[in-house]
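Have a look at the model first, then read on.

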Amino acid sequence: MKIFIPTPLRQYAGGNDTVDVTASTVASALDELTGAHADLRKHLFTPEGKVRSFVNLYLNDEDVRYLPEKDKTAVKESDTLSIIPSIAGGGKL
Amino acid sequence: MAIGSDLAALPELTTNELARYSRHLILPEVGTEGQQRLKAAKVLCVGTGGLGAPLAFYLAAAGIGTLGLVDFDVVDESNLQRQIIHATPDVGRKKIDSAADKLLALNPALNVVKHETLLTSANALDIIKDYDIVADGTDNFPTRYLVNDACVLLNKPNAYGSIFRFEGQASVFATEEGPCYRCLYPEPPPPGLVPSCAEGGVLGILPGLVGVIQATEVIKLILGKGETLAGRLLLVDSLKMRFRELKLRKNPECPICGTNRTIHALIDYQQFCGITPERKEDQTEKNGIPQISVKELKSRIDSGEEIYLIDVREPFEYAIANLGGKLIPQNDVAQRLGEIDRDREVIVHCKGGVRSQKIAEYLKQQGYQRVINVAGGILAWADQVDPTMKKY
């Protein structure tokens with residue numbers, strides 16, 4: 001499946017805007033991603049292994065938090081996983 | 001639902017206005033009634049920078065009756081690459097004056113209300129309460145949460161836009177049924193983890209794209225027509241020119257708009273975002289890292305002392321202006337520790353002092369005994385020591 005890497009985190013994913021992984025669930029897809037790009041781990045997860053609260057994960061267009069099985073949700077090759085961190089930029093105030 | 005629903009109370013359009021807005025009037029979705037609604041509407045633009053510039057411009061052109069502007073900054077040359085409401089002769093002027101002039105030149109009938117202040121927990125409710133809709137075009141997390149919470153508490157929809165480098169996000173928050181910003185992001189990132197536009201850069205056209213999306217949402221909210229972005233997050237990737245859309249849900253456990261609210265009044269947003277109040281300029285230590293001011297650094301250099309200076313910016317920044325330090329970009333530091341002498345006092349600097357503080361803390365963790373951060377970085381140097389130095 002394809003994982004979309006947002007601009008602020010690309011520097012920790014070898015500059016890639018997408019990373020292809022083979023995985024059976026959302027959690028295993030993230031494991032594979034952070035296995036290949038270790039620096040991403042601390043930006044995505046707390047030291048306790050929880051997804052950071054300013055990062056949202058979307059399986060296709062659905063927020064993983066609201067999927068019945070959350071990160072245990074099964075994924076297909078054609079699915080996409082998007083990492084959406086909060087960004088604040090706009091105008092200097 | 002349209003804003004200001006009472007049709008009888010809507011202001012009449014003058015003969016001039018009928019001519020001016022003729023392209024709106026022939027649209028069935030706008031028509032005379034819609035144009036009257038725009039005339040009656042009061043919109044608050046928080047920030048007149050990258051997003052606020054196109055946003056305010058188009059709202060003024062569209063015939064919004066009252067436009068409030070919140071800004072306390074002055075126009076800097078580096079703003080002009082994207083903040084099209086300000087022009088070269090405006091450099092050094094208050095943004096709010098510069099913006100108001102352009103908006104009134106475009107539409108003299110517009111009622112511009114200037115709020116020349118930093119939006120804070122003390123004044124936000126008082127400012128926002130007089131408006132129908134808020135358009136948030138700020139550049140920092142504390143103000144984002146402040147605007148969100150104030151909008152939720154006052155039941156004012158918030159046309160939201162945010163940008164970084166080539167990427168933008170837009171949505172509509174705090175409508176009656178829809179989610180708010182906290183439903184999407186319950187907590188802000190810790191300081192330093194997400195770079196600002198000043199650090200990360202931004203493509204000049206991007207705030208134009210996203211600001212106009214915000215303006216579109218404002219107008220639809222006023223007209224009560226079409227489908228707004230409430231409940232959807234629009235993602236804009238200008239580099240690939242790809243628009244994607246994600247579903248947003250109202251979080252039943254949201255602390256401010258959920259069923260069991262825990263927040264009933266505005267809070268301290270600096271503290272919420274983990275930002276400790278800046279002490280005076282002569283702050284001597286931050287997170288265990290001694291700070292040196294640029295003037296102090298200059299006098300140490302002038303005294304003939306051999307300073308061991310590490311510059312953690314990127315090579316292109318170094319090419320624009322440098323202090324002669326050893327260049328090791330922040331992301332290379334971990335791999336190039338061997339090049340940094342452990343036995344010397346290491347003075348680290350960057351553009352504004354944020355990246356170098358982070359690296360100084362890292363070096364200390366790695367066992368460096370004497371690490372000092374240059375407060376304010378090369379920008380402070382250009383301001384306080386060498387005015388001929390190029391700023392970027």
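Predicted model: local features only at pLDDT ≥ 70, side-chain atom pairs only at ≥ 80, totals over all residues.

## Ground rules

A residue counts as buried if 20 or more other C-beta atoms lie within 10 Å of its own, exposed if 12 or fewer do, and partly exposed in between, with C-beta atoms placed from the backbone.

Residues are numbered from 1 along each chain as its sequence is written, and chains are lettered from A and ligands numbered from 1 in the order in which they are written.

## Overall build

Chain B has 15 helices and 14 strands; these are DSSP runs numbered from the N terminus, with helices being H or I of at least four residues and strands E of at least two. Its radius of gyration (taken over C-alpha atoms) is 24 Å.

## Two cores

A nonpolar core here means a set of buried Ala, Val, Leu, Ile, Met, Phe, Trp, Tyr and Cys residues joined through C-beta atoms within 7 Å. The largest one has 76 residues, and B:Val43, B:Ala56, B:Leu59, B:Ile133 and B:Val218 touch the most other members. Helix α10 (residues 205-223) of chain B is the top contributor to this core, giving 9 residues. A second, separate core holds 21 residues, including B:Val312 and B:Val371.

## A buried histidine

B:His86 sits in the loop between β2 (66-70) and α5 (95-106) of chain B. Is B:His86 buried or exposed? B:His86 is buried, with 24 other C-beta atoms within 10 Å. Leaving out residues up to four places away in sequence, B:His86 is in contact (C-beta atoms, placed from the backbone, within 7 Å) with B:Val75, B:Asn79, B:Leu80, B:Lys95 and B:Ser98.

## Strand β14

Strand β14 (residues 371-374) of chain B is covered on both faces: B:Val371 and B:Asn373 are buried on one side, B:Ile372 and B:Val374 on the other. In a regular strand, side chains alternate between the two faces of the sheet.

Strands pair if DSSP finds at least two bridges between them. β14(B) pairs in the parallel sense with β10 (residues 289-292) over 2 bridges and with β13 (residues 346-349) over 3 bridges.

Conventions. Rg over C-alpha atoms; globule rule 2.2 N^0.38 Å. Contact = placed C-beta atoms within 7 Å.
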